[in-house]
Amino acid sequence: MRFYRPINRPQAMTFDLDDTLYDNRQVILTTVEKTHQALQAWHPSLATLTPQDYDCERLWIEQQQPEIVHDVTAWRQATLVSLIKKAGMSLAQAQAGAEEVMTVFHQWRSAAHIPEITHKVLAELATNIPLVAITNGNADAEQLGIAQYFSLVLRAGPDGKAKPSGDLYQIAAQHLRLAPNTILHVGDDLITDVKGAVVAGFQACWINDRQQNLLTASSARVIPHLEISRLDSLTSLL
């Protein structure tokens, strides 16, 4: 544990989900693979679509609807609808196809393995202070088996603009009825989590479990209050 700024004893904690409470890398790779296979299998005219076709369409959707980037689920669904329509199907068919493909997506997206240490730390923290989850992603805390530790789960899109925007941080502070500087946000991303939290007035804890160097990290914009490499370090702050 390394301290970079003076820190108040946290009265509550907020947590990023992906790559903070569990390793999300393989989950994403598998989810993308299974989802693309489902798209290709949905109709013969889609069988030759490539991941690059999807990526190009995704960028086109972003250009047409810039605000959609704050809701990655809506962004993915809109991309699928557009791809299927361009393959020659009606809007109704495209919407039905996108729904079926998204069912496969959600099945795999929340299939992450949650380490036992994560359950142990969250359970211990939750008995002492309130916890809130703040995610830009679309993993389901219920399916992950960790929803019981949080008094609120905030998701970019339905609940506000994605981090590092202050929307979700502000909602969390209002829900907790605490001053932002008494809340510690924990996350792995130096921009969305560290910069976002500090700009919102929160204390920021960077979880650095991949042995990065804060001084040389290309994404470092704001110094966190502290840095940890293991989640269980958090219990010593109570």
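A salt bridge is taken here as a side-chain nitrogen of Lys or Arg within 4 Å of a carboxyl oxygen of Asp or Glu, and by this rule the count comes to six salt bridges. The model is predicted, so local features need pLDDT of at least 70 and side-chain atom pairs count only at pLDDT 80 or more, whereas totals for chains, interfaces and linings use all residues. Residues are numbered from 1 along each chain as its sequence is written, and side-chain values use heavy atoms, with hydrogens and water left out.

**Salt bridges**

- Asp23 and Arg25 are joined through their side chains by a salt bridge with an N to O distance of 2.7 Å; Asp23 is partly exposed at 43% relative accessible area, and Arg25 is likewise partly exposed at 45% (buried means under 20% relative accessible area, exposed over 50%, and partly exposed in between, with a 1.4 Å probe and protein chains only).
- Glu57 and Lys86 form a salt bridge at 2.9 Å, N to O, and this pair links distant parts of the chain, with Glu57 in helix H2 (residues 51-64) and Lys86 in helix H3 (residues 72-86), 29 residues apart (helices, H or I of at least four residues, and strands, E of at least two, are DSSP runs numbered from the N terminus).
- Within that pair, Glu57 counts as buried at 8% relative accessibility, while Lys86 counts as exposed at 54%.
- Lys163 forms a salt bridge with Asp193, their closest N and O atoms lying 2.8 Å apart; Lys163 lies in the loop between strand E4 (152-155) and helix H7 (167-176) and Asp193 in helix H8 (residues 190-199), so the pair ties together parts that are 30 residues apart in sequence.
- Lys163 is buried at 4% relative accessible area, and Asp193 is buried at 1%; salt bridges that share partners join Asp16, Lys163 and Asp193 into one network.

**Nonpolar cores**

- A nonpolar core is a set of buried Ala, Val, Leu, Ile, Met, Phe, Trp, Tyr and Cys residues joined through side-chain atoms within 4.5 Å, and in the largest one, of 30 residues, Phe15, Leu21, Leu131, Ile146, Phe150 and Leu234 touch the most other members.
- Among the elements that each supply at least two residues of this core are strand E2 (12-15), helix H5 (116-126) and strand E3 (131-135), and H5 gives the most, with three residues.
- Phe150 is in contact (heavy atoms within 4.5 Å) with Phe15, Leu17, Leu21, Leu122, Leu131, Val132 and Ala133, not counting residues up to four places away in sequence.
- Another core lies apart from the largest one and has 22 residues, among them Ile134, Ala197, Leu214 and Ala217.
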